Amino acid sequence: MQPKINAFFKRQAPDPDPNSGYEARREGGGAAEPKKHRSCGGGATDAKVLNKKRSYGQFHLELGQPDFLLHTCAVCGMMYARGNDEDEKVHRAYHKSYFQGVPFKGWRDETVVARSEGGDRIILATGENSCTRNSKVQEVIKVVEKELGFGEGRLLHKLCKVYLFVSSGRIVGCLIAEPIKAAHKVIPSSSSEDKHELPDNKIEPAQANHTLEFGKISFKREVLRRHNHPDKNREESQGPGAIICEQEAVPAVCGFRAIWVVPSRRRKGLGSQLMDAARKSFREGIALGISQCAFTPPTSAGKALASSYCKTSAFLVYREGDV
């Protein structure tokens with residue numbers, strides 16, 4: 001029992017001094033093997049952690065702001081994340097295409113249907129440059145669909161003809177035409193027909209006038225009665241883009257399915273040039289008259305364009321069933 005107790009409480013020999021080779025020489029008599037020192041970081045694992053690049057994440061504080069996650073551009077309408085490099089790059093490219101036009105280097109075999117003095121041209125996307133296969137046309141169509149409110153892939157079909165207005169290396173206008181069989185004439189409101197003749201508010205002087213005299217000074221009082229035009233109130237109640245058509249259909253040949261011009265080139269006659277080119281080339285060898293062309297139910301801006309081009313507010317409008 002005593003030997004076991006002595007062995008348990010036996011004093012252990014101290015660790016050898018790394019700077020001294022006494023213990024090594026006493027046991028083996030050879031040279032002392034130098035002891036490996038540990039790095040300050042705690043080994044190879046710690047070294048990897050120190051050498052690894054840190055990744056930083058962008059955090060945001062939500063304080064009730066309306067555009068917390070996505071910001072909507074007031075010009076092109078695109079929603080993107082501010083501060084995100086990829087989103088910012090995509091927005092800049094789309095914004096420039098929307099406002100200034102889609103970049104276009106030209107095609108090998110272009111079907112040019114109209115040219116202008118300044119070098120601008122209108123081309124027809126047919127044959128090798130088919131609207132269903134060409135990526136450049138599809139890029140333009142996506143912009144037109146978003147601008148005019150068409151669903152994705154709902155604007156084009158096999159019978160459509162696409163006219164592109166090219167200026168300074170960019171596509172700045174587009175017209176999609178399709179064959180139709182009939183259309184309906186718009187019933188113009190009296191306010192739209194006589195908007196230059198009738199004032200918005202009619203002012204009539206009162207019949208009874210009163211004169212006040214103070215010595216040699218006299219004051220004449222006149223009462224004005226204001227009457228609102230009933231046709232204007234009726235049109236405002238229908239909405240700025242509301243139209244009413246005749247029930248009876250009339251024959252028509254060409255339907256203008258969509259017309260689009262970049263914002264920087266609007267109100268400069270590009271839409272009228274596109275429609276002229278479409279009328280002259282829609283049927284080979286035959287130039288169509290304005291009365292043979294119709295529009296889809298237009299917006300307020302489209303209604304103004306159609307009235308200006310047709311020289312009347314009683315232009316033709318067609319529906320899906322008239323195709």
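Mentor: Start with tyrosine 163, which lies in strand S6; a strand is a DSSP run of E of at least two residues, a helix a run of H or I of at least four, and both are numbered from the N terminus. This is a predicted model, in which local features need pLDDT of at least 70 and side-chain atom pairs count only at pLDDT 80 or more, while totals for chains, interfaces and linings use all residues. Residues are numbered from 1 along each chain as its sequence is written, and side-chain values use heavy atoms, with hydrogens and water left out.

Trainee: Why is tyrosine 163 called buried?

Mentor: Buried means under 20% relative accessible area, exposed over 50%, and partly exposed in between, with a 1.4 Å probe and protein chains only. Tyrosine 163 has 0% relative accessibility, so it counts as buried.

Trainee: What makes the pairing of tyrosine 163 with serine 281 a polar contact?

Mentor: The two side chains approach to 3.1 Å. A polar contact is a pair of N or O atoms within 3.5 Å; within protein, one must be able to donate a hydrogen and the other to accept it, and residues adjacent in sequence count only if both atoms are side-chain atoms. The pair of tyrosine 163 and serine 281, at 3.1 Å, therefore qualifies.

Trainee: Which residues have the most contacts inside the largest nonpolar core?

Mentor: They are Tyr163, Leu164, Cys174, Leu175, Ile176 and Phe256, in a core of 55 residues. A nonpolar core is a set of buried Ala, Val, Leu, Ile, Met, Phe, Trp, Tyr and Cys residues joined through side-chain atoms within 4.5 Å. A second, separate core has six residues, including Ile180, Ala183, Ala252 and Ala294.

Trainee: Why is phenylalanine 165 called buried?

Mentor: Its relative accessible area is 2%, so phenylalanine 165 is buried. Phenylalanine 165 is also in strand S6, which covers residues 161–167. Contact means heavy atoms within 4.5 Å, and beyond four places in sequence phenylalanine 165 has contacts that include Asp120, Ile122, Val172, Leu270 and Leu274.

Trainee: Is histidine 184 buried or exposed?

Mentor: Histidine 184 has a relative accessible area of 7%, so it is buried. Histidine 184 sits in strand S8, residues 182–186.

Trainee: What lies 3.1 Å from a polar atom of the side chain of histidine 184?

Mentor: The backbone oxygen of glutamate 246 does, and the backbone oxygen of glutamine 247 lies 3.4 Å from a polar atom of that side chain.

Trainee: Why is serine 168 called exposed?

Mentor: At 76% relative accessibility, serine 168 counts as exposed. Serine 168 is in the loop between S6 and strand S7 (170–179).

Trainee: What is the phi of serine 168?

Mentor: Serine 168 has a positive phi of about 55 degrees, although it is not a glycine. Most residues other than glycine have a negative phi. Lysine 311 also has a positive phi, of about 65 degrees, and at 71% relative accessibility lysine 311 counts as exposed.

Trainee: Why is H4 called roughly perpendicular to H5?

Mentor: Helix H4 (residues 85–100) and helix H5 (residues 135–148) pack at about 80 degrees, with their axes 11 Å apart. Angles of 65 to 115 degrees count as roughly perpendicular, under 35 as roughly parallel, over 145 as roughly antiparallel and the rest as oblique, so H4 is roughly perpendicular to H5. The axes are lines fitted to C-alpha atoms, for helices over the stretch in contact, and angles run from 0 to 180 degrees between N-to-C directions.

Trainee: Which residues of H4 and H5 meet?

Mentor: Tyr94, Ser97 and Tyr98 in H4 meet Glu139, Val143, Lys146 and Glu147 in H5. These divide into three nonpolar, one polar and three charged; Ala, Val, Leu, Ile, Met, Phe, Trp, Tyr, Cys and Pro count as nonpolar, Asp, Glu, Lys and Arg as charged, and the others, Gly among them, as polar.
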